[in-house]
Amino acid sequence: MIDMNLTRRGALEIAVAGGLVAMAGSAGNAAPPSAAANDWAFLVGRWKVRHRKLRERLTGSSDWIEFDGSSENWPLLGGGANVEDNIFYTPEETYRGVALRAFDPATNLWSIWWLDSRATDRLDVPVRGTFEDGVGTFLAEDNWKGTPVTVRFRWSDITPQSAKWEQAFSTDGGATWEVNWVMKFTRA
């Protein structure tokens, strides 16, 4: 049985462990560069989230499901990492997910890992990237149901009261993309 009551302390423990692993190669840097420490400042706090998610990915589907959720984000390691605790109220079930982000000063890239309460025995492959001109783009090579994909997370439309995240898959090395999940954040 999955414990749906992931506590802030539990999420923090996951985040610290993951952050230490991610930053192991940068142990000489006690603090993140000042620019990177502010990259995720917009996301700190509590949010209401409206989700729009493709029912089936990579099938040519145009059948979207919509549902509500909530999110809370807090910084770690002086801004060099952060954790985001999400609750998803889908039509089928309610579940949780945790995003852990950590900055690597050696590469100037953020890494983002995902932990899903429905599969707590694994972290997803991290997407890596950065913010440019107010848009964060993060990429990884992974697979979806046996199909190799490039995964893209994109943060955009960032204001003090709102933000947008989307996930897209590409099966052709990034020439074309299928957006399969959009999250619109508004301050709670």
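What share of the 188 residues in the protein chain is made up of buried residues? The points below take up this matter and others in turn.

1. Basis of the model. This is a predicted model, in which local features need pLDDT of at least 70 and side-chain atom pairs count only at pLDDT 80 or more, while totals for chains, interfaces and linings use all residues. Residues are numbered from 1 along each chain as its sequence is written, and side-chain values use heavy atoms, with hydrogens and water left out.

2. Burial. Buried residues account for 44% of the 188 residues in the protein chain. Buried means under 20% relative accessible area, exposed over 50%, and partly exposed in between (1.4 Å probe, protein chains only).

3. Secondary structure. The protein chain contains two helices and 10 strands, in the order α-α-β-β-β-β-β-β-β-β-β-β along the sequence. Helices (H or I, at least four residues) and strands (E, at least two) are DSSP runs, numbered from the N terminus.

4. Nonpolar cores. A nonpolar core is a set of buried Ala, Val, Leu, Ile, Met, Phe, Trp, Tyr and Cys residues joined through side-chain atoms within 4.5 Å. The largest one has 29 residues, and Trp-40, Phe-138, Trp-155 and Phe-185 have the most contacts inside it. Strand 8 (residues 147–156) supplies the largest share of this core, four residues. A second, separate core of nine residues includes Leu-76, Ala-102, Trp-113 and Leu-115.

5. Glu-84. This residue lies in strand 3 (residues 81–89). Glu-84 counts as buried because its relative accessibility is 3%. Its side chain makes a polar contact with the side chain of Ser-71 (3.4 Å); such a contact is a pair of N or O atoms within 3.5 Å, and within protein one must be able to donate a hydrogen and the other to accept it, while residues adjacent in sequence count only if both atoms are side-chain atoms. Not counting residues up to four places away in sequence, Glu-84 touches, among others, Leu-43, Arg-101, Trp-155 and Phe-185, where contact means heavy atoms within 4.5 Å.

6. Phe-185. With the same exclusion of residues up to four places away in sequence, the residues that Phe-185 touches include Trp-47, Ser-71, Glu-84, Trp-155 and Trp-165.

7. Of the contacts in the protein chain with a separation of 6 or more, 42% are between residues 24 or more positions apart.
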